Amino acid sequence: MTSISWAVNPEAVPRSLDEAEWFSAIFDAHFAEIHRYAAQRLGDDVAEDIVAETFLTAFRKRSRYDPSRAGVRAWLYGIATNLIGRQRRVEVRALRAL
């Protein structure tokens, strides 16, 4: 594995089931973009947690990834979007409680 260019390959996720370094390359290839996305929506403070949870969720659910449904990038954006929505709901509930 000399290049990260293969990390965007949908086969990288299934291969990571047997060879974890494939997933680390996916992380390296997509971290900055997913972080920017989360930071634009929630701010830098919360973005770190959202991105960490995004990749943790992706790693845990990588056996369910279906390359015929979405590319790796879209899959990660979907996970991040769900987590951002959950965070916003938590914040709204906290504000209402005040």
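Me: Which residues does Val13 touch, leaving out those up to four places away in sequence?
Reply: In this predicted model, Val13 touches Ile26, Arg62, Tyr65, Val72 and Trp75, once residues up to four places away in sequence are set aside.

Me: And where does Val13 sit, and is Val13 buried or exposed?
Reply: Val13 has its place in helix H1, and because its relative accessibility is 0%, under the 20% cut-off, Val13 counts as buried.

Me: How far apart are the C-alpha atoms of Val13 and Phe23?
Reply: Those two C-alpha atoms are separated by 6.5 Å, although Val13 and Phe23 are 10 residues apart along the chain.

Me: Switching to the largest nonpolar core, how many residues does that have?
Reply: The largest nonpolar core has 25 residues, and those with the most contacts inside it are Ile26, Ile34, Ile50, Trp75 and Leu76. At least two residues of this core come from each of helix H1 (12-15), helix H2 (21-42), helix H3 (44-60) and helix H4 (72-97).

Me: What is Leu76 in contact with, leaving aside neighbours within four places in sequence?
Reply: With those neighbours left aside, Leu76 is in contact with Ile26, His30, Ile34, Thr54, Phe55 and Ala58.

Me: New topic, at what angle do H2 and H3 cross?
Reply: Their axes cross at roughly 140° and come within 8 Å, which means that H2 is oblique to H3. The crossing in which H2 passes H3 is right-handed.

Me: What kinds of residues make up the contact of H2 with H3?
Reply: The residues of that contact divide into 15 nonpolar, three polar and two charged; among them are Phe23, Ile26 and His30 in H2, and Asp44, Val46 and Glu48 in H3.

Note on methods. Residues numbered from 1 in each chain as written. Predicted model: local features only at pLDDT ≥ 70, side-chain atom pairs only at ≥ 80, totals over all residues. Heavy atoms only, no water. Core = buried A, V, L, I, M, F, W, Y, C linked by side-chain atoms within 4.5 Å. Buried < 20%, exposed > 50% of the residue type's maximum accessible area, 1.4 Å probe, protein only. Helix = DSSP H or I, 4+ residues; strand = E, 2+ residues; numbered from the N terminus. Contact = heavy atoms within 4.5 Å. Axes fitted to C-alpha atoms, helices over the stretch in contact; angles between N-to-C directions. Parallel < 35°, antiparallel > 145°, perpendicular 65-115°, else oblique. Left-handed = near helix turned anticlockwise from the far one by under 90°. Nonpolar A, V, L, I, M, F, W, Y, C, P; charged D, E, K, R; others polar.
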